[in-house]
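Please open the structure in the viewer and keep the selection tool at hand.

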Amino acid sequence: MKIRAIIVDDEPLAREGVRMALAEEPGVEVVAECADGVEAVKAVEKHRPDLLFLDVQIPRLNGFEVLEALEPEQIPAVIFTTAHDEHAIRAFEVNALDYLLKPFKQARFHRALQRAREQLQARRGTGADPHIAGLLENMRRDASGGPRILVKSPDRILFLKPEEIDHIEAAGNYLVLHAGKDRHIARDTMTGMESRLASAGFMRINRSTIVNLSRIRELQPLGAGEYCVILKSGVRLNMTCSLGQFQERMGKL
């Protein structure tokens with residue numbers, strides 16, 4: 001089978017090394033080369049390759065963040081390349097993914113490529129690779145500082161930390177993340193976001209608003225058992241959940 005591949009590495013000599021190794025292997029076409037993570041995401045979305053040679057430590061987005069930024073059905077087979085990231089190597093081994101430790105020999109490269117061919121043949125028509133999904137889930141679980149929220153725009157990809165977010169509002173099929181003076185658009189559901197951020201000190205105070213509890217300055221009664229949440233920034237948000245629910249949640253922080 002013909003394989004369309006993208007090479008991602010910030011070092012020109014490293015990209016050349018992969019390209020030269022591929023020249024010894026039949027049936028592989030390099031459709032793009034990228035020097036950073038944002039370029040890689042755009043290249044994968046544009047070319048939809050079968051195989052990605054992906055360096056772990058690259059600028060702007062690292063190798064794992066590149067995969068997180070892609071839709072599951074867009075993620076190709078992946079051969080990771082790394083120079084010294086022992087933690088990453090353990091993650092690859094646990095999740096049955098292949099990696100090349102730089103510098104690599106042609107024989108090792110051949111084995112990795114052969115394994116990728118077998119994976120591609122087995123995956124035809126079955127969608128995303130469950131091993132990749134397992135790797136990303138493990139990396140998210142092990143990440144320090146809690147869950148990060150991915151925000152994509154035409155010119156950049158951000159990973160917001162929970163402590164950067166003041167509150168979140170629903171807007172149709174999207175969410176608006178308020179972070180200081182900045183607003184970011186993310187495609188997610190309120191239920192999904194509420195679940196992801198609950199352990200980071202967030203609470204859903206009405207049907208369309210999730211708030212960072214550490215950003216609350218005070219509550220003001222509106223009558224009939226309803227309250228207005230006032231953030232430290234001065235933003236006012238209506239709260240429809242009960243005061244008891246709010247107090248219980250605050251008591252767990």
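In what order do the five strands of the open sheet lie? The model is a predicted one, and in it the order of these strands is 10-9-8-12-11, with antiparallel pairing. Select strand 10 (182-186) and strand 11 (202-206): these are the edge strands, each of which pairs on one side only. On average, neighbouring strands of this sheet are turned by 25 degrees against each other, direction ignored.

Next, select residues 167-171, which make up strand 8, together with residues 209-212, which make up strand 12. These two strands run antiparallel and are joined by three bridges. Within the pair, Glu169 stands opposite Thr209 of strand 12.

**Helix 2 and its two ends**

Now move to helix 2 (37-47). Which residues of helix 2 are buried? They are Gly37, Val38, Ala40, Val41, Ala43 and Val44. To view their surroundings, display strand 1 (3-8), strand 2 (28-34), strand 3, helix 3 and strand 7 (156-160), against which these buried residues pack.

At the N-terminal end of helix 2, select Asp36, which caps the helix. A side-chain oxygen of Asp36 lies 3.0 Å from the backbone nitrogen of Val38.

Just after helix 2, select Arg48, where phi is positive at about 45 degrees. Arg48 is not a glycine, and its place is in the loop between helix 2 and strand 3 (51-55). With a relative accessible area of 40%, Arg48 is partly exposed.

**Salt bridges**

Side chains of opposite charge can pair when their charged atoms come close. How many salt bridges does the structure hold? There are ten.

Select Arg60 and return to Asp36: their side chains meet in a salt bridge, at 3.4 Å from N to O. This pair links distant parts of the chain, 24 residues apart, with Arg60 in the loop between strand 3 and helix 3 and Asp36 in the loop between strand 2 and helix 2. Are the two partners buried or exposed? Arg60 is exposed because its relative accessible area is 54%, which is over 50%. Asp36, by contrast, is buried because its 8% is under 20%. While Arg60 is selected, inspect its backbone as well: phi is positive, at about 70 degrees, although Arg60 is not a glycine.

Continue to Lys102 and Asp55, whose closest N and O atoms are 3.5 Å apart in a salt bridge. This pair also links distant parts of the chain, 47 residues apart: Lys102 is in the loop between strand 5 and helix 5, and Asp55 is in strand 3. Asp55 counts as buried, at 4% relative accessibility.

Then select Glu218 and Arg217, which form a salt bridge with 3.4 Å between the closest N and O atoms. Glu218 is partly exposed, with a relative accessible area of 32%, and Arg217 is partly exposed at 49%.

**Last stop: a cis peptide bond**

The peptide bond from Lys102 to Pro103 is cis, with omega near -5 degrees. Pro103 is found in the loop between strand 5 (98-101) and helix 5 (106-123).

Technical notes:
Residues numbered from 1 in each chain as written. Predicted model: local features only at pLDDT ≥ 70, side-chain atom pairs only at ≥ 80, totals over all residues. Heavy atoms only, no water. Helix = DSSP H or I, 4+ residues; strand = E, 2+ residues; numbered from the N terminus. Buried < 20%, exposed > 50% of the residue type's maximum accessible area, 1.4 Å probe, protein only. Pairing = 2+ DSSP bridges. Axes fitted to C-alpha atoms, helices over the stretch in contact; angles between N-to-C directions. Contact = heavy atoms within 4.5 Å. Polar contact = N/O pair within 3.5 Å; in protein donor to acceptor, adjacent residues only side chain to side chain. Salt bridge = Lys/Arg side-chain N within 4 Å of Asp/Glu carboxyl O.
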